[in-house]
Amino acid sequence: MNKKPTYLTVKDHSVSREEFQLLHNEEFDMLETFPQPQGEKLSEYYKSEDYISHTNAKRNLFEKVYHLVRMISLKRKLKLINSFHSEEKTLLDIGCGTGDFLEIAKNNKWKVVGVEPNEQARSLANSKTNDSVFDIQHLETLKENSFDVITLWHVLEHLPNIEMHIKLFKRLLKRNGTLVIAVPNFKSYDAQYYKSFWAAYDVPRHLWHFSKTAIEKLFHEEQLTLVETLPMKFDAYYVSLLSEKYKSGFMNPIKAFWIGWCSNLRGNRSKEYSSHIYVLKSKNN
């Protein structure tokens with residue numbers, strides 16, 4: 001077996017300060033974090049008050065801006081799933097965090113189910129969704145072909161055993177159902193600019209780092225066809241803020257805004273944005 005070449009060495013800037021390698025899987029054009037912590041050891045890397053998707057905290061300007069941008073993003077996500085014209089409007093959101101997307105979907109007549117491994121975030125999500133959110137093991141109990149739409153908003157990169165999970169998504173989707181995946185893009189300008197300080201590498205919590213080629217190939221193997229790729233332009237600014245903090249010790253908002261703006265400008269030409277939303281269709285269950 002050929003050893004995968006090292007693309008970059010990256011530090012865990014937010015929790016452990018340990019270093020990890022990013023290995024380049026040339027067949028799929030994706031990066032793999034090495035070594036990948038397993039089980040309970042992996043969960044230790046999530047134990048930080050700064051892990052913002054697990055809390056509703058608004059302790060400082062950064063967190064307040066994050067929640068403001070998240071509200072704008074939620075409305076755009078709702079508009080996207082409404083565009084699929086699903087008859088029964090059944091939605092599964094995997095890694096739903098504190099449940100804000102499920103709440104806005106539920107208020108717009110979607111029948112929602114969420115999965116969230118973090119107990120604190122799950123409790124908050126259940127308070128917003130009439131107890132519609134479950135631990136990760138609940139995925140195995142769901143019926144085949146039962147969801148019109150399955151969403152993973154910046155979740156796929158966290159999942160171990162990725163091939164198994166893709167098979168599971170395929171099984172749970174209805175015929176002609178839609179899978180929506182949002183992930184960072186290591187081919188973006190901000191990733192190239194910040195290199196090992198790029199916050200969206202977020203090792204070892206992010207086990208995988210995707211290109212457009214990787215998403216298309218991985219899901220094609222399970223008869224899930226990529227039909228649309230959309231930019232997440234806010235991500236360039238958010239990621240650049242954190243990257244500046246890792247690189248220089250403070251967020252440096254003016255510099256971060258400039259790099260984010262440059263990344264989106266170049267993305268308009270190259271179609272390589274800081275993060276992408278991938279829309280995939282299930283053609284034959």
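**Lys167 and Glu222.** I began with lysine 167 and found its salt bridge to glutamate 222, with the closest N and O atoms 2.8 Å apart. I counted a salt bridge where a side-chain nitrogen of Lys or Arg is within 4 Å of a carboxyl oxygen of Asp or Glu. Lysine 167 sits in helix 5 (residues 162-172) and glutamate 222 in the loop between helix 7 (212-220) and strand 10 (224-231), so this pair ties together parts that are 55 residues apart in sequence. Helices (H or I, at least four residues) and strands (E, at least two) are DSSP runs, numbered from the N terminus.

Next I looked up burial: buried means under 20% relative accessible area, exposed over 50%, and partly exposed in between (1.4 Å probe, protein chains only). Lysine 167, at 47%, is partly exposed, while glutamate 222, at 17%, is buried.

**A note on the model.** I am reading a predicted model, where local features need pLDDT of at least 70, side-chain atom pairs count only at pLDDT 80 or more, and totals for chains, interfaces and linings use all residues. Residues are numbered from 1 along each chain as its sequence is written, and side-chain values use heavy atoms, leaving out hydrogens and water.

**Lys174 and Asp148.** I then found a salt bridge between lysine 174 and aspartate 148 (3.3 Å, N to O). Strand 8 (residues 173-184) holds lysine 174 and strand 7 (residues 147-153) holds aspartate 148, so the pair joins parts 26 residues apart in sequence. Both residues, lysine 174 and aspartate 148, are buried.

**Asp202 and Arg205.** Here I noted a salt bridge with its closest N and O atoms 2.8 Å apart, between aspartate 202 and arginine 205. Both are buried. Asp12 joins Asp202 and Arg205 in a network of salt bridges.

**Tally.** My count of salt bridges came to ten.
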